[in-house]
Amino acid sequence: MNIKNQALAQIMAAGDATELEQIRIDYLGRNGKLTDLIKKIKDAPEEERKQIGLTINEVKKSVEDLIANQKNNFRESVRVWFDPTIPGIKPKIGHIHLITKTIEEISQIFGRIGFERERYPEVEWDWFAFTSLNMPEGHPARDEWETFFIDAPESPKYGKILLTPQTSSGQVREMLRVKVPPIRMINIAKCYRRQSDISHTPMFHQFEGLVIDKGISIVNLKGTLDYFAKSFFGVERKTRLRPYHFQFTEPSFEVDITCGVCGGKGCKVCKAGWLELGGAGMVHPNVLKAGKIDPKKYSGFAFGWGVERVLMMKNGINIPDLRMIYSTDLRYLSQF
Amino acid sequence: MDIKILDSWLRDYLKTSAKPEVVAKYLSLCGPSVERIERLDKDSVYDIEVTTNRIDEASVYGIAREASAILPRFGIKTNLKPIKSASSEFNFVRKVSYLTPTVDTKLCQRFTAVLIKNVKISNCPYWMQERLESAGVRAINNVIDISNYIMLALGQPVHTFDYDKIKGAKMVLRESKKGEIVKTLDGKQFSLPGGDIVIEDGAGRLIDLAGIMGGDLSAVDENTKNVLLFVQTYNPVAIRKTSMALAQRTIAATIFEKGTDTELVEPAILEAIKLFKDLTGGIPEKNIIDIYPNPYKTKIVKISLAFVEERLGVTIPKKDITNYLKALEFECVWSGNELTVNVPSFRAKDIETSEDILEEIARIYGYHNLPSKIMEGEIPTRPANPEFNFEFQLKQMLAGWGGTEVYTLSLVPKEYAGEKSLKLKNPLGTESEYLRTSLMPSLILAAIQNAGISEKFHLFEMANVYIPRPNDLPEERLTLSEIFSGYSYREAKGIIEALTEKLGIETSFESVEAKGFAASKCAFIKCKNEEIGKIGVAENSDFIYYEFDVAKLAKLSPKVVGFKEISKYPAQIEDITFDLPEKTRVGEVIKTINNLQLTISKVELTDVYNNSYTFRIWYHNPNKTLTNEEVEGIRKEILSSVKNKFGGTVKV
């Protein structure tokens, strides 16, 4: 009982939480006074042990309760008004452009399957943009590219200077650089065409894939494009190839992807469940020859797709007009 | 090119139970792409994209021929109904009494014509009008409509002359001379560039701009009695050149420029004669003139089974290959695993190599039937090594410090272009006529466009500028630029200092005058003695602008940062406030203090108040703790040097 009164008096007199903790250790700690008493119970006469035990436990409980109580009092006494819901002070939030994000994503997807990202000229010789791609001067296939030409003298070897209308102009440059395959290139660059409407801007971006090695087949092209479509658009999406024609590939394909809006059932956005992704094909032997690669030993495939196009086709982006992508309005830019 | 075909017209040549949707679906998968089906009351119109290499498909018959090869692959019984023209009553002959032509056969590989007398001009029947109009061709009168009808049905352009307007019943088909004048039947007059295919009559008049549009002088009109029906194969290069040069893009020209089949001429003229008899009451001559010195010799392409299987990526039985090709009217002869393919005349223009044959096999086999597998094999290990990752890191840092990335057009108006900027030959307009040599005007414009935003902001862009080089492509210099609106010069410069510090590039700033910046408000950003960028206040504005040459940043930024031992001895830090005279460059004061002693490890400006500048100085020797006496000595040196060099005094 003495101990109890002594302990209670000390607790009431304690000035702060540290003192309280010391009192707790003095009485209830491993070598505390009450703990010692408990240890001594076994020395007491057997008939008294039960009573002593009950008493000590009661004391112990009172001490514990009082300490807890007192601790709480201390906390209350230092409480001051604090509003944890007040708004924070934000650092200025910056924004990376959607195009940059998309280019990064594309590079990473292809990087995982061994493609090297390269960069080739945006202002290019006619030879690389057309002639070396099996489209000699005056060829009707050139009509499909509304090409900007530079007002500058022609090169006797490479012809006119132009703004490259497609990243395919990097194909032969890559072949000439690497010399001996394997080639797995992804060339992402600005391209330019003389057109401006809801689905075209005079400046846009393409990503060009080029694979050349021994025994490359259409099956590999399908595998690569499927992999890209699933990585970029989602695992549930499927692709298909349809015959098409490009001068620099043979066979040539148009690649479609199942519509993300209707899931391939057919809706207003798509054509019977499919959306056109872009062109692809097996590299034409004349293009390999222009790149000084033996078409008898090597084969390959290539594709050149619009960065803006795949971006617009991503679910949930909902940009109604492609030209808006290049708006410099902060109210648009800060959304992403 | 896109063509429109009425379903009922297609079924003139195609016998199948498949519904239009089914025909469209399978055509698209294995052949020409059907973009759309337009539903009519009792019929449908296919809108079909024909690729430039397959001009043989650009007709009703051409599509029927493709469908007859494709649909059976999907288990649909289909037959092609051949063009049924009774040819026995007509003779194809080298000479006729009613026309004396002289033909340059380099320009015209096959020349046929026949005189049809007593033609009655009227409207064509309703069924023909309907077919023409569904294809987007306006019905005019029976003579002209027959020509258009044959062109759409078979893909062979047909022309008609008023026979009585051909003086002397003579024709000379020749190359034009530069400056010759021809008037076409749409009333336009052209001065020819030369090398165009023209026809001159017995009076020396140009009566036809061959393959593109008929001549006004020989045009069929409501009084025409006798018609010369005219079906040719022209040199595609010459047609294209003229059509492009004169901007006369008629359907006939877009077909001829792709190279038509010489063998198609015969069924086309016979079908046309039949229609003339039926619809105009005209009486055709029995002899058709036919100048065709080099008839089609079967083209042969070889291909091996191994090649097919390697490119396709699957094995495929020889008899299947034969079946696919036969359905497309190729003849096949196997010799072991080598295949010899006879190319039909209508495919002679687009089939050259074994790759072309492979495409035919592959598409009829069906791309959808091929498996999908990423290639095995070696991964390339020789990247050209541009700094894509570095560039992205720069952008991330700037965005992290509150910058917003923009993309602006590289094509700028003249007032934004540098003096030697490259100019476009064919710009879309004067707003985008030049290739920029600086990002500055574009970013200023972007900042002005956001003027309505009350908060301060900064916009950055990383893009090429195009620096002309004589007789070469321009240098494409990747540039990083940022513009600040509502920020002080020190805040903007702080971003540069943070950026270069993160990149491990030591920079100095040298005051200069530069184009586009306000007088005396610009500095070069230098590393050692190399200029790597510039910063300043943009002319006539409060915008702060800077730019960096990204390649230089990449080169100067160390790829690996070496570990430095952390000193056991702490630095002593103290703040000293100087009163500096006006027009003192604080950057130079800091540089001077920093260069005094190795033991001055860092100097920073911490506060500015009027002319009082507080500098924080770190005194530090990595090998020992500096004594108070030592620090005192260094401090004295600082004070005297700032006093002597800049006239600065310590504020007490």
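# A walk through chains A and B

Of the 336 residues in chain A, 43% count as buried. The model is a predicted one. Start with the overall form of chain A. Its C-alpha atoms fill a box of roughly 115 × 45 × 45 Å along the principal axes. The radius of gyration of chain A is 38 Å, whereas a compact globule of 336 residues would have one near 20 Å.

Chain A is divided into domain 1, residues 2–78, and domain 2, residues 98–333. The C-alpha centres of domain 1 of chain A and domain 2 of chain A lie 81 Å apart. Chain A holds 11 helices and 9 strands. Its contacts can also be sorted by distance along the sequence. Take those in chain A between residues at least 6 apart: 64% of them join residues at least 24 apart.

Helix 1 covers residues 2–13 of chain A, and helix 4 covers residues 46–78. The two pack at an angle of about 0 degrees, and their axes are 10 Å apart. Angles under 35 degrees count as roughly parallel, so helix 1 of chain A is roughly parallel to helix 4 of chain A. Which residues make the contact? Helix 1 of chain A supplies Ile3(A), Lys4(A), Ala7(A), Leu8(A) and Ile11(A). Helix 4 of chain A supplies Val59(A), Ser62(A), Val63(A), Leu66(A), Ile67(A) and Gln70(A). By class, this contact of helix 1 with helix 4 of chain A has 8 nonpolar, 2 polar and 1 charged residues.

Helix 2 of chain A spans residues 17–28, and helix 3 of chain A spans residues 33–40. They pack at an angle of about 15 degrees, with axes 3 Å apart. That angle makes helix 2 of chain A roughly parallel to helix 3 of chain A. From helix 2 of chain A come Asp26(A), Tyr27(A) and Leu28(A). They meet Lys33(A), Leu34(A) and Thr35(A) in helix 3 of chain A. The contact of helix 2 with helix 3 of chain A has 3 nonpolar, 1 polar and 2 charged residues.

Next comes the contact between the chains. It takes 75 residues from chain A and 78 residues from chain B. Which element gives the largest share of the side of chain A that touches chain B? Helix 8 of chain A, residues 218–233, does, with 8 residues. By class, the side of chain A that touches chain B has 36 nonpolar, 18 polar and 21 charged residues.

Some backbone details in chain A deserve a look. A cis peptide bond joins Pro181(A) and Pro182(A), with omega of about 20 degrees. Pro182(A) is placed in the loop between helix 7 (169–178) and strand 4 (183–192) of chain A. Another cis peptide bond joins Glu250(A) and Pro251(A), where omega is about -5 degrees. Pro251(A) lies in strand 7 of chain A, residues 249–258.

Asn134(A) is not a glycine, yet its phi is positive, about 70 degrees. Its place is in the loop between helix 6 (126–129) and strand 3 (161–163) of chain A. Is Asn134(A) buried or exposed? Asn134(A) counts as buried, because it has 20 C-beta neighbours inside 10 Å. In chain B, Glu329(B) also has a positive phi, about 75 degrees, although it is not a glycine. Glu329(B) sits in the loop between helix 10 (318–327) and strand 20 (331–335) of chain B. With 16 C-beta neighbours inside 10 Å, Glu329(B) counts as partly exposed.

The last stop is Ile300(B). Its place is in strand 19 of chain B, residues 299–304. Why does Ile300(B) count as exposed? Because 11 other C-beta atoms lie within 10 Å, and a residue is exposed if 12 or fewer do. Leaving aside residues up to four places away in sequence, Ile300(B) touches Thr340(B), Val341(B) and Asn342(B). Thr242(B) is 58 residues from Ile300(B) along the chain, and their C-alpha atoms are separated by 32 Å.

Key
Residues are numbered from 1 along each chain as its sequence is written. Chains are lettered from A and ligands numbered from 1 in the order in which they are written. This is a predicted model: local features need pLDDT of at least 70, side-chain atom pairs count only at pLDDT 80 or more; totals for chains, interfaces and linings use all residues. Helices (H or I, at least four residues) and strands (E, at least two) are DSSP runs, numbered from the N terminus. Two residues are in contact if their C-beta atoms, placed from the backbone, lie within 7 Å. Domain bounds come from an automatic or database domain assignment. Axes are lines fitted to C-alpha atoms, for helices over the stretch in contact, and angles run from 0 to 180 degrees between N-to-C directions. Angles under 35 degrees count as roughly parallel, over 145 as roughly antiparallel, 65 to 115 as roughly perpendicular and the rest as oblique. Ala, Val, Leu, Ile, Met, Phe, Trp, Tyr, Cys and Pro count as nonpolar, Asp, Glu, Lys and Arg as charged, and the others, Gly among them, as polar. The radius of gyration is taken over C-alpha atoms; the globule rule is 2.2 Å times the number of residues to the power 0.38.
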